[in-house]
Amino acid sequence: MSWIDCRPETWLRLDEVDSTNDYLRRSKTNAGVVVLARMQTRGRGRRGRSWQSRPGDSLILSVALDLPPRFSLPLLPLMAGVALYRSLQQLPGAQLRRLAIKWPNDLYLHHEGQWGKLAGLLAEAEGGQDLQRVILGLGLNWQGQAPILADNERPETPAFSLFPDGAPLPLDECVAGFARQLNEILGGSLTGEEVWLSELRQANYLDSHTIQTEQGPAMVCGIGDDGALLAERLSDGRLLKLFDWPEQTAASMV
């Protein structure tokens, strides 16, 4: 089963839009249809924060997914992150790139001796009865000068483009690769195949980083099967499960 249509001829292409996620919501576009925009004027990340982009230099897309009721929605941004990670590794020059997934919804790129933000993902649930509709948005710094950072980023965190000197291939190839990989991950997850979780853990940018939590400083030590970030509290070694770090709405000790 395919949740996203991988055929470029079926995609909806916009020159400018306020937000591709909002456009999908207003237009009631069918599930699986990819909406692409050259520029969006009111793009956003998690918690409504802004996502800036330069016309034509960013990959901006949204797609509506109808997922079965038993699907765990918090896992979707993580799955999408792995799908994007896989697809970018398959592009020309992949062996020259160091990529990492920053839990819960960013991709980082290592460039000129430092890590910087490459992409962000946003999943917004629409509700439903027999199916859960989720609008998944993706913003990626594709080529040229990287756009202004979203306003939730710290000043010391730069933004990088995948191809600062210009992309050697059409953007459609990246989109199609991402769609194929996410279809594969979603299909596997519904049959109990969780290979993507191992890939996520291996690519975890925050692994062994010390972070500040509501329970005090803690060192990240992994990602749980439920998608929670796992960290050991420095004061006593207790294991924390974080569900929305760094502004977590819930954290528990196990």
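Select helix H2 (residues 76-89) and helix H3 (residues 171-189): they pack at an angle of about 135°, with their axes 8 Å apart. That angle makes H2 oblique to H3, and H2 passes H3 in a right-handed crossing. Keep in mind as you look around that this is a predicted model.

Now show side chains where the two helices touch. On the H2 side, pick residues including Leu76, Met79, Val82 and Leu88; on the H3 side, their partners include Phe178, Leu182, Ile185 and Leu186. The residues of this contact divide into 12 nonpolar, four polar and two charged.

Stay with H2 for a moment. Is it enclosed or open? With 13 of its 14 residues buried, H2 is largely enclosed by the rest of the structure. Try the distance tool on its end C-alpha atoms too: they are 20 Å apart, which agrees with the 20 Å that 14 residues should span at 1.5 Å a residue.

Most residues other than glycine have a negative phi, and most peptide bonds are trans.

- Go to Pro104, in the loop between strand S4 (98-102) and strand S5 (106-111).
- Move on to Glu112, in the loop between S5 and strand S6 (114-127). Glu112 is not a glycine, yet its phi is positive, about 50°. At 70% relative accessibility, Glu112 counts as exposed.
- Finish at Ser208, in the loop between helix H4 (195-202) and strand S8 (210-213). Ser208 also has a positive phi, near 70°, and counts as partly exposed at 48% relative accessibility.

Terms used: Residues numbered from 1 in each chain as written. Predicted model: local features only at pLDDT ≥ 70, side-chain atom pairs only at ≥ 80, totals over all residues. Heavy atoms only, no water. Helix = DSSP H or I, 4+ residues; strand = E, 2+ residues; numbered from the N terminus. Expected span 1.5 Å × (residues − 1). Buried < 20%, exposed > 50% of the residue type's maximum accessible area, 1.4 Å probe, protein only. Axes fitted to C-alpha atoms, helices over the stretch in contact; angles between N-to-C directions. Parallel < 35°, antiparallel > 145°, perpendicular 65-115°, else oblique. Left-handed = near helix turned anticlockwise from the far one by under 90°. Contact = heavy atoms within 4.5 Å. Nonpolar A, V, L, I, M, F, W, Y, C, P; charged D, E, K, R; others polar.
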